[in-house]
Every structure is written in C-alpha cells, then in structure tokens.
Amino acid sequence: MAIYRIAIGSPREASNPAAIRAAFAEFFSMLIFVFAGQGSGMAYNKLTNNGAATPEGLIVASLSHAFGLFVAVSVGANISGGHVNPAVTFGAFIGGNITFLRSILYWIAQLLGAVVACILLNSCTAGMETSGFALSSGVSVWNALVFEIVMTFGLVYTVYATAIDPKRGNVGVVAPLAIGCIVGANILVGGVFDGASMNPAVSFGPAVVSGTWTHHWVYWVGPFIGSATAAILYNNIFIADHVHEPLSNSDF
C-alpha cells in the first residue's frame with residue numbers, strides 16, 4: 001500500500017497568508033482559463049452566426065482549452081500548484097497532497113473565477129450567451145457520466161505522473177504542457193457527446209450565468225469519481241515504494 005495521509009488541516013489555514021495567496025492564484029488562473037476557453041467558443045459562434053456544430057469548431061475548442069490551460073497551470077504552479085480544477089484539487093486531497101480545509105479555499109476560488117470569467121464574457125460581448133454544458137442528442141446521462149469519469153481519470157493520472165510523483169524528475173518541467181494536451185485531446189473525444197468538461201468549475205460558471213442546470217450533476221460526480229480513482233490507483237501502484245510526503249506550497 002502507498003503511504004499517504006488524508007489531512008483535514010487547521011482552521012488557521014483560512015487566514016494563513018500562503019493559503020490566501022494560493023487561493024487568489026487559483027482564482028486568477030481559473031479566470032484566465034475559462035475566459036479563453038469559453039470565450040473562443042463564443043467567438044466561433046459569432047463567426048458562424050450560431051450555426052451547427054462542425055469538426056472545425058471541435059478543433060477550435062480543443063486548441064483553445066489546451067493553450068489556455070497550459071498557461072493557467074503554468075502561472076499558478078509556483079503559488080498554488082496550478083490545480084485550476086476542483087477535481088484535480090480533490091485528487092490531490094485524496095492522495096494526501098493538500099489538506100481538506102485548503103481544498104475548500106481552492107474550490108471557492110476556482111468557482112468564483114469561473115463565474116467572474118463568464119460574467120465578463122457576457123458583458124464584453126453585449127449579452128451573448130455563455131452556453132452551459134449539455135448532452136448531445138442520443139447521449140444518456142450514464143453515457144456522459146462514464147465519459148466524464150474516464151476523461152477526468154486521464155487528466156488526473158497525467159497530473160500525478162508529471163507533477164506529483166516524487167520520482168517525476170525533469171518530467172515536471174513539462175507538466176503544464178502535458179496537462180493542457182490531455183485536456184485538448186479529451187475534448188476531441190468527448191466534446192461532441194457531452195462537451196468534455198472534466199472540470200466542475202468550467203461547467204459551473206456558464207451554468208450560473210446562463211441559468212442552465214440540466215444534468216449539471218453529471219459534471220460534478222463524473223470528474224470527482226474519475227479524479228479519486230486516478231489518485232488512489234496511482235498512489236498505490238506507482239508511489240507504493242516511496243514514503244509519501246505532502247507537497248510544499250512551492251510545489252504542485
């Protein structure tokens with residue numbers, strides 16, 4: 001068995017300067033990511049007059065999210081670890097890399113960042129809709145749930161392999177790029193079926209601004225299951241022979 005501990009943390013973390021700075025870093029990273037990803041979709045809709053979905057549109061969504069996440073993770077990595085995703089934070093918590101109380105700070109910051117990004121987009125575009133995530137025709141909630149579980153598993157597995165594993169060595173340098181690439185690749189797979197969220201905050205922001213909550217639970221339950229599964233398996237299979245040490249504030 002891997003040696004790691006799930007930590008609750010101290011209430012004093014809520015006022016700890018390092019924790020507050022980390023939460024602000026998550027807020028701004030999420031704002032950057034959602035503004036770029038959601039905004040590119042809105043720009044594409046404007047160019048096509050809200051036309052039907054096309055393969056080109058899927059590629060645009062994939063690239064914009066991959067590039068945006070690469071930057072968002074990079075700018076937050078040295079302050080908060082650059083989670084930019086409540087599911088990634090949950091996976092880090094399950095693996096003993098962040099306390100539960102600091103996770104709550106991250107989740108609040110991430111959700112607020114996504115909402116603010118969507119409000120800004122709605123204002124900047126003179127009221128264009130920030131489309132909420134939805135299931136495509138013929139896709140059941142269970143199909144979407146499995147999609148979200150598997151895609152988020154791949155994402156968090158990548159996070160563990162490139163950013164958390166104590167044996168990662170120089171691979172850690174490419175962690176933001178690898179994380180952005182797996183998200184972009186997963187969008188190419190699942191985007192036409194359920195939007196390929198993999199990130200509850202990315203789904204939450206548009207839902208708040210647009211008021212669209214249909215099947216919203218899928219975009220929370222799926223990513224959290226996939227994240228926890230990846231964290232548990234990676235810890236027990238690949239970090240089992242190392243004493244697990246929670247990462248410092250300057251690491252992931």
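Modeller: Happy to! Let's start with a side-chain pair: S203 and S197 make a polar contact through their side chains, at 2.6 Å. Keep in mind that this is a predicted model.

Biologist: Okay, and which helix is S203 in?

Modeller: S203 belongs to helix α7, which covers residues 200–210.

Biologist: Is S203 buried or exposed there?

Modeller: Buried. Its relative accessible area is 1%, and the cut-off for calling a residue buried is under 20%.

Biologist: What is S203 in contact with, if we skip its neighbours within four places in sequence?

Modeller: With those set aside, S203 is in contact with F133, S197, H216 and Y219. S197 is also the partner in that side-chain polar contact.

Biologist: Let's zoom out. How many helices and strands does the protein have?

Modeller: Eight helices and zero strands. Read from the N terminus, the order is α-α-α-α-α-α-α-α.

Biologist: What about overall dimensions?

Modeller: The C-alpha trace spans about 55 × 35 × 30 Å along its principal axes.

Biologist: Now charges. How many positive and negative side chains are there?

Modeller: There are 7 positive and 10 negative ones, and the centres of the two sets lie 12 Å apart.

Biologist: Back to the helices. Why is α3 described as largely enclosed?

Modeller: Because nine of its nine residues, 86–94, are buried. Among them are P86, T89, F90, G91 and F93.

Biologist: Which helices do those buried residues pack against?

Modeller: They pack against α1 (17–47), α4 (100–124), α5 (141–164), α7 and α8 (218–238). α7 is the helix that holds S203.

Biologist: Nice link! What happens at the start of α3?

Modeller: There, a side-chain oxygen of N85 comes to within 2.8 Å of the backbone nitrogen of A87.

Biologist: And what follows α3?

Modeller: G96 does, and its phi is positive, near 80 degrees.

Conventions:
Residues are numbered from 1 along each chain as its sequence is written. This is a predicted model: local features need pLDDT of at least 70, side-chain atom pairs count only at pLDDT 80 or more; totals for chains, interfaces and linings use all residues. Side-chain values use heavy atoms; hydrogens and water are left out. Helices (H or I, at least four residues) and strands (E, at least two) are DSSP runs, numbered from the N terminus. Lys and Arg count as positive and Asp and Glu as negative; His and the chain ends are not counted. The place of a charge is taken as NZ of Lys, CZ of Arg, CG of Asp or CD of Glu. Buried means under 20% relative accessible area, exposed over 50%, partly exposed in between (1.4 Å probe, protein chains only). A polar contact is a pair of N or O atoms within 3.5 Å; within protein, one must be able to donate a hydrogen and the other to accept it, and residues adjacent in sequence count only if both atoms are side-chain atoms. Contact means heavy atoms within 4.5 Å.
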